[in-house]
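Me: Let's go through some labels on a structure. I want each one set against its cut-off.

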Amino acid sequence: MKNVALAAMASTVGASLSSCANAVKKINVEEKTKMPNLIYVFPDQFRRQSLGFLNEDPVITPNLNKFASESLVLTDCVSCYPLCSPYRAMLLTGKYPAQNKVLTNCHSRRYKFHNELQKSDRCISDVLHDNDYSLGYIGKWHLESPLPEKNTYGEYTWTPPDRRHGFDYWCSYGSTGHHFHTHYYINSKSEKDVTEISEWSPKFETDVATNYIKNTNGKYRKPNQPFALFLAYNPPHPNYKEVPEKYVKMYDGKNYKDLLVRPNLDPKGETSEKAKGWVKNYFAAVTGIDDQFGRILNCLKEQGLDKNTIVIFTSDHGDMMGSHNLRSKNVWYEESMGVPFIIRWPGHIKPGKDDLLINTPDIMPTLLAMMGLKNKIPKDVQGKDLAGAFLGKKINRPDSSFYFLIKEGKPDSGRRGLRTHRYTFVISKSKKKNKIFLYDNKKDPYQLENIADSKPELVKKLTEKLYKKLTEINDPWVKNS
Ligand code: CA
């Protein structure tokens, strides 16, 4: 009797073990099919200060406010090179400008320098594509140098399919300043077959993106594969005037004094004066982007994809909007470098705030690692995998982010700098004497005073740190100084 009982027990245990093995096998299969989707939304020139919940700019951003409450918000995130093409190239390649060859904005006159995304670079999209992901790119690309005779930053510039780096769904264009009449190259259509759209480009692109997410009849992507969608809205980038009236109306009754609230505007400055005429429309475009982003989030939820999708909202750089009497970007001030970085992945990333200093090239390896593809990160990637910081693990946290400005065709030229938790430090190379800029962002958050001359010891320390870090990434600027 005893033996029979034991035999029965052994058989039960065996069955349990076997069913356990099956369960593990099943989980593995399910995990594979449940690899997370990625939606990377990056409007152009959306400054960090224009996130309503930060209480800096008086903007209306209800969807971003709610999204942030469900997400991890990087409070100190900067764009290492606050300019369109260099940011985009660093994002996709995980490499710094001297290595990815995109030294400044793509433009016809830079064609001769091959100032464009290199076909030979292995981008995040190439890696995801080769690991069973469907890839979508919607909106502004700005990574081709147009032919010299075109004299353009990228209007009507086609990216041939063999230069799309794994993106198999494509609804994109080079560059444009027109938000109500935007042109797109769609999928396999030829260079001559341009689609012209007569509505606000973020509205159109959100329609396309929601169709991509819904994927009715498998028209947009392979239904059994996870997907990664990059959505590159152009607004709130100029032309500021081209924004739907319904969003401008939301700021009715507010004049420039209510809107331009930063103390670093120059009361006598010509550009600060001009910003009085731009700011309402800029904020209206911010609200419009918030509205369209809300549609993406709703669609994800309706489709039951919100839990297994990593969603990021960020930007390529900010907008000075008259601060320091400057417009646009490509300068070290927080209004230009500071970008939103809000990331949601339910059950994996704990909502909250983090002052992590991430460099733009870190984003690629960080995302790949987060998505289970750490061992697929290309060997020549320079960015660091900081996935642990997002997933609640202890990691070696960076103590600074880089700042770059480079002249066309001259990788060893221009400015370099560091943004630490406390300081913004910049060396601007000059034939005569280098100029140095240093701001104590803790004591002087609006960066009103350059304290470089009064802090020689600190300048020495930060210079050494900058050179050490630039040497680590093999930046030729170091040798030319
Ligand atoms: Ca841009």
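Me: Why is Arg419 called buried?
Reply: In this predicted model, Arg419 has a relative accessibility of 5%. Buried means under 20%, so Arg419 counts as buried.

Me: What makes Arg419 and Glu334 a salt bridge?
Reply: Their closest N and O atoms are 2.9 Å apart. The cut-off is 4 Å between a Lys or Arg side-chain nitrogen and an Asp or Glu carboxyl oxygen, so the pair qualifies. Glu334 lies in helix 10 and Arg419 in strand 12, so the bridge ties together parts 85 residues apart in sequence.

Me: Is Glu334 buried or exposed, and how do you know?
Reply: Buried. Its relative accessible area is 7%, and the limit is under 20%.

Me: Why is Arg295 called partly exposed?
Reply: Arg295 has a relative accessible area of 28%. Arg295 is in helix 9 and Asp207 in helix 6, 88 residues apart.

Me: How do you know that Asp306 and Lys307 form a salt bridge?
Reply: The closest N and O atoms are 3.7 Å apart. The cut-off is within 4 Å, so the pair counts.

Me: What makes Asp306 buried and Lys307 exposed?
Reply: Asp306 has a relative accessible area of 12%, and buried means under 20%. Lys307 is at 57%, and exposed means over 50%.

Technical notes: Residues numbered from 1 in each chain as written. Predicted model: local features only at pLDDT ≥ 70, side-chain atom pairs only at ≥ 80, totals over all residues. Heavy atoms only, no water. Helix = DSSP H or I, 4+ residues; strand = E, 2+ residues; numbered from the N terminus. Buried < 20%, exposed > 50% of the residue type's maximum accessible area, 1.4 Å probe, protein only.
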